[in-house]
Amino acid sequence: MSAETFVARLDRVPLNRFHWTLLITSGLGWMFDAMDVLLIGFLVAPITKEFALAPAQVGLVASAGFVGMFLGAAISGRLADRYGRRLIFQATLVLFSIGAVLSALAPTFELLLAARVVAGLGLGGELPVVATLVSEFSPRAQRGRMIVLLESFWAYGTLAAGLVALLVLPQFGWRGAFVVAALPALYVAYLRSALPESPRYLAERGRGAEADAIVRRVERAGGGALLTLGAAVAPARSGRTSLAELWSPKLRRRTLMLWILWFGVVFTYYGMFLWIPTLLIARGLDDVRGGQANQFFLLSTVAQVPGYFSAAWLVDRWGRKPTLVAYLLGTAASAFLFGNSGTGLDAFLYAALLSFFNLGAWGVLYTVTPELYPTGIRTTGAGIAAAVGRIGGIIGPFLTPVLVPTLGQSGVFAMFMVVLLVTAVNVLLFAEETKGKSLEQISGLVSAEFAS
């Protein structure tokens, strides 16, 4: 075992308190990010009223954050490959909190849009970096489960957004709601300061001694390997840092598949979920249920939690590819059914199914993305793929209210169904199965026999 690299040892460490601390600390930031994004769907109405916005300006309130998310994802991924996951991991959450506070203080509509861009920079920058960091620390046999569980904090953020809309918004207005999203996130940024850098990143930068020390820390947390008599053996370095590597012969199929996947998932998610409360009101839900569209939406999103947990159970057993295809197809069917439902139990059931399948697919999406790139460009590839997806996040929320008057709600949700079907076919034809493989094996840096 003296020839075993320290990242190979890291892959074999059983899940322990270090991994769970990393997951919870990372996930809490993810939760506050989600709360901020989903709050917009509840805050558009009071913001529109205060600033007397024209219909074209209303769409900009939601889309401004996605412009920042696009830039943040693309830039932070590159920075994390150059300066480390840990630094960017902390900085992006601080930047998001600053943007949320500035949103609460914005005296004009124009400054509010600028603040939403700042918050989006932090949010878009954080998510691919956090997913990469957790992926690089996770044992390979449980890596899929860890990333899906990380993504599950998005569901808790969605529920928190609904509670803030129900409890904080009526008392303190939309500005108070933004403050509630910002301040706890700053505390989470402080907690993250105790987390170490990724050993895989350190090894890639030639800092093997530091990487080995961190691996020993993880091993000690699991109660094993207090002493390793052999010299620390560094893994092979990928040496890939150029953006052009994303389109090299070995990686271009993966890159194209991920870009299509990210665009389809983000476009449909934000096109649907940011507008469901408004669409329910347009169906007359307020008249039928006494003004409870937001409560209806909040209750339906509870289904996100079992959606995540079921995907977390399947992703390391059934595999990434079949799980992702199944959940995308489930989302497509649910979108069609919701678009043709009414305002009763059928609408609630289909909205819940939409939450179940869509968020389960998100969890697998974040699992697969960092796995497909070598360490030297892992967050670059993940960040740019996420940035391509954010283009869909910009278009989706703006397009839905524009198309509903022409196509109707059933037509718009049929369009989302078609996009999801195309996305599922893309995964079925072009995705690779990575279940049970080490990150180095997926990158082609070690053979299957050595990785096992």
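Because the model is predicted, local features need pLDDT of at least 70 and side-chain atom pairs count only at pLDDT 80 or more, while totals for chains, interfaces and linings use all residues; side-chain values use heavy atoms, with hydrogens and water left out.

**Stop 1: Arg9 and Asp212**

Select Arg9 and Asp212 and show their side chains. They form a salt bridge, with the closest N and O atoms 2.9 Å apart. The term stands for a side-chain nitrogen of Lys or Arg within 4 Å of a carboxyl oxygen of Asp or Glu, and by this rule the count comes to 16 salt bridges. Arg9 sits in helix 1 (residues 6–12) and Asp212 in helix 9 (residues 208–221), so this pair ties together parts 203 residues apart in sequence. Helices here are DSSP runs (H or I, at least four residues), numbered from the N terminus.

Are these two residues buried or exposed? Arg9 is buried at a relative accessible area of 7%, and Asp212 is buried with a value of 7%. Buried means under 20% relative accessible area, exposed over 50%, and partly exposed in between (1.4 Å probe, protein chains only).

**Stop 2: Asp36 and Arg116**

Next, pick Asp36 and Arg116, whose salt bridge brings the closest N and O atoms to 2.5 Å. Here too, distant parts of the chain are linked: Asp36 belongs to helix 2 (residues 17–51) and Arg116 to helix 5 (residues 109–137), 80 residues apart. Both Asp36 and Arg116 are buried.

**Stop 3: Glu371 and Arg320**

Move on to Glu371 and Arg320, whose side chains meet in a salt bridge at 2.6 Å, N to O. Glu371 is buried at 0% relative accessible area, and Arg320 counts as buried at 1%.

**Stop 4: helix 6 against helix 14**

Switch to cartoon view and select residues 143–167 (helix 6) and 304–315 (helix 14). How do they pack? Their axes lie 9 Å apart, at an angle of about 175 degrees. Axes are lines fitted to C-alpha atoms, for helices over the stretch in contact, and angles run from 0 to 180 degrees between N-to-C directions. Helix 6 and helix 14 are therefore roughly antiparallel, a label for angles over 145 degrees.

For the contact itself (heavy atoms within 4.5 Å), show side chains including Trp154 and Tyr156 in helix 6, and Tyr308 and Phe309 in helix 14. The contact residues divide into 12 nonpolar, 4 polar and 2 charged. In that scheme Ala, Val, Leu, Ile, Met, Phe, Trp, Tyr, Cys and Pro are nonpolar, Asp, Glu, Lys and Arg are charged, and the others, Gly among them, are polar.

**Stop 5: two single residues**

Select Thr255 in helix 10 (residues 252–273). Thr255 is buried, at 0% relative accessible area. Leaving out residues up to four places away in sequence, Thr255 touches Leu246, Trp247 and Tyr373.

Finish at Glu440 in helix 18 (residues 439–443). Glu440 is buried, with a relative accessible area of 8%. For a distance check, the C-alpha atoms of Glu440 and Ala34 are separated by 31 Å, and the two residues are 406 residues apart along the chain.

Terms used. Residues numbered from 1 in each chain as written. Helix = DSSP H or I, 4+ residues; strand = E, 2+ residues; numbered from the N terminus. Parallel < 35°, antiparallel > 145°, perpendicular 65-115°, else oblique.
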